[in-house]
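Have the structure open as you read.

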Amino acid sequence: MLFHVFSSQEERRNFGGSDFIEMQYCRLDRETEMERVVLTDAIEHWKNDSLYIHGDDVNEFVSHYRMIFTDGIYSNLKCGTVDIYGINYYSREQTYLILERVKGIKPPDYQILLNWLEKAEENTGFYILGS
């Protein structure tokens, strides 16, 4: 399984420690300036409602999803393909486009991701937080 959801951080630690990429909802106010949205200090890791990709599965994730997660905003405010070592922010508008790409391509384990992304639309967007 490519994507993991844990009911507690203890469960996550028992499964794979801290070797994960975390997909996390952004709950900042929609009017927050982008410099603040991608600021490392604005992000608190290891949320229970996050989606996790284990370090052993990162290459598979990149192989199947790099063309889906495009134009993420990095902490330096530049954009590009998913950075598995840094901050990637995707707005609500980008979330909708990503949902449509996932539905069209149907990569491995896409249904788990779709369910999670549908909830991201309720927030300011989401992050992919590299390891």
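## Confidence first

This is a predicted model, and the chain comes with a mean pLDDT of 94, with 100% of its residues at 70 or more.

## Overall layout

Counting elements gives five helices and six strands. Reading from the N terminus, they go α-β-α-β-α-β-β-β-α-α-β. The radius of gyration is 14 Å, close to the 14 Å from the globule rule for 131 residues, so the chain is as compact as a globular protein of that length.

## The H4/H5 pair

How do the axes of helix H4 and helix H5 cross? Helix H4 covers residues 92-105 and helix H5 covers residues 110-120; their axes come within 10 Å and cross at roughly 160°. Since angles over 145 degrees count as roughly antiparallel, that makes H4 roughly antiparallel to H5. As for handedness, the H4 and H5 crossing is left-handed.

On the H4 side, the contact is made by Thr95, Ile98, Leu99, Val102 and Lys103. H5 brings Tyr110, Leu113, Leu114, Leu117, Glu118 and Ala120 to the contact. Sorted by class, the residues where H4 meets H5 are eight nonpolar, one polar and two charged.

Key:
Residues are numbered from 1 along each chain as its sequence is written. This is a predicted model: local features need pLDDT of at least 70, side-chain atom pairs count only at pLDDT 80 or more; totals for chains, interfaces and linings use all residues. Side-chain values use heavy atoms; hydrogens and water are left out. pLDDT is the predictor's confidence in each residue, from 0 to 100. Axes are lines fitted to C-alpha atoms, for helices over the stretch in contact, and angles run from 0 to 180 degrees between N-to-C directions. Helices (H or I, at least four residues) and strands (E, at least two) are DSSP runs, numbered from the N terminus. Angles under 35 degrees count as roughly parallel, over 145 as roughly antiparallel, 65 to 115 as roughly perpendicular and the rest as oblique. A crossing is left-handed if the near helix is turned anticlockwise from the far one by less than a right angle, and right-handed if clockwise. Contact means heavy atoms within 4.5 Å. Ala, Val, Leu, Ile, Met, Phe, Trp, Tyr, Cys and Pro count as nonpolar, Asp, Glu, Lys and Arg as charged, and the others, Gly among them, as polar. The radius of gyration is taken over C-alpha atoms; the globule rule is 2.2 Å times the number of residues to the power 0.38.
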